[in-house]
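Trainee: I've just opened this one and could use a guided look. Where shall we begin?

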Amino acid sequence: GRRVLVLIPDGTRTMPMPLMFDVLERELTGRVSALDYLVALGTHMPMTDAQLTMHVGRPVINGVAAGRNIFNHRWDDPSAFVTMGTIPASDISAITDGKLSQDVPVALNRLVTEYDHILICGPVFPHEVAGFSGGAKYLFPGIAAPSIIHFTHWLGALITSYEIIGTIDTPVRAVIDRAAAFLDT
């Protein structure tokens, strides 16, 4: 009876998304009141219906596949966001060993507040900004507002991808995890 929103990667990430779409449909149809999808674009371009069709393995017409909404994250639309809180400059300074010291507003696509359960469905790979992709990275930068997206990428650049890629615990990941703690869903 719950409303479920599934965060999925965009077409720049490889994974068997058609298989996962089928599994989620099979396991959740009839058990949930809504099952919709939000493409975690970060600041990438929105996917067209044709691209989404290839991505999920079902025909997508006007953002709908098999009766399920597939939303593109609109990072460029301020009305798409809800502010969850702010990571204070003192916390940022501690997390970054003083590299940066500023308040970081935490805002996410408001759809995450309109569903009862958020399910993250995506691959985990070494990543040049966060150390590894996956998990809360689908929230930040995946469906976040530009300010925190730009902040995490700038922090990653300051540390360098040489130091970050393939590292489990990074300051960027610490900021992502700290920001994710604002989400109750």
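**Loops, sheet and rings**

Mentor: Let's begin with A66, found in the loop between β3 and β4. Helices (H or I, at least four residues) and strands (E, at least two) are DSSP runs, numbered from the N terminus. This is a predicted model, where local features need pLDDT of at least 70 and side-chain atom pairs count only at pLDDT 80 or more, while totals for chains, interfaces and linings use all residues. Residues are numbered from 1 along each chain as its sequence is written, and side-chain values use heavy atoms, with hydrogens and water left out.

Trainee: What is phi of A66?

Mentor: Near 50 degrees, a positive value in a residue other than glycine. Most residues other than glycine have a negative phi. A66 has 44% relative accessibility, so it counts as partly exposed; buried means under 20% relative accessible area, exposed over 50%, and partly exposed in between (1.4 Å probe, protein chains only).

Trainee: And what about phi of D97?

Mentor: D97 is not a glycine either, and its phi is positive, about 55 degrees. D97 sits in the loop between α3 (89-95) and β6 (104-109). Its relative accessibility is 69%, so D97 counts as exposed.

Trainee: Back to β3. Which strands are at the edges of the sheet?

Mentor: The open sheet has five strands in the order β3-β4-β2-β1-β7, with mixed pairing. Its edge strands are β3 (64-65) and β7 (117-120), each pairing on one side only. Two strands pair if DSSP finds at least two bridges between them. Two bridges join β3 to β4 (residues 68-72), and these strands run antiparallel. V64 has N69 in β4 as its bridge partner.

Trainee: Changing topic, how many aromatic pairs does a search of the whole structure find?

Mentor: One. Rings of Phe, Tyr and Trp (its six-membered ring) pair if their centres lie within 6.5 Å; planes under 30 degrees apart count as stacked, over 60 as edge-to-face and the rest as tilted. The ring centres of F21 and Y37 are 4.8 Å apart and the planes are at 25 degrees, so this pair is stacked.

Trainee: Where in the chain are F21 and Y37?

Mentor: F21 is in helix α1 (residues 17-28) and Y37 in strand β2 (residues 32-40), 16 residues apart, so to speak a link between distant parts of the chain.

Trainee: Are F21 and Y37 buried or exposed?

Mentor: Both are buried.

Trainee: Last one: which residues does the cis peptide bond join?

Mentor: F140 and P141, with omega of about 20 degrees. P141 is in the loop between β9 (131-132) and α4 (146-159).
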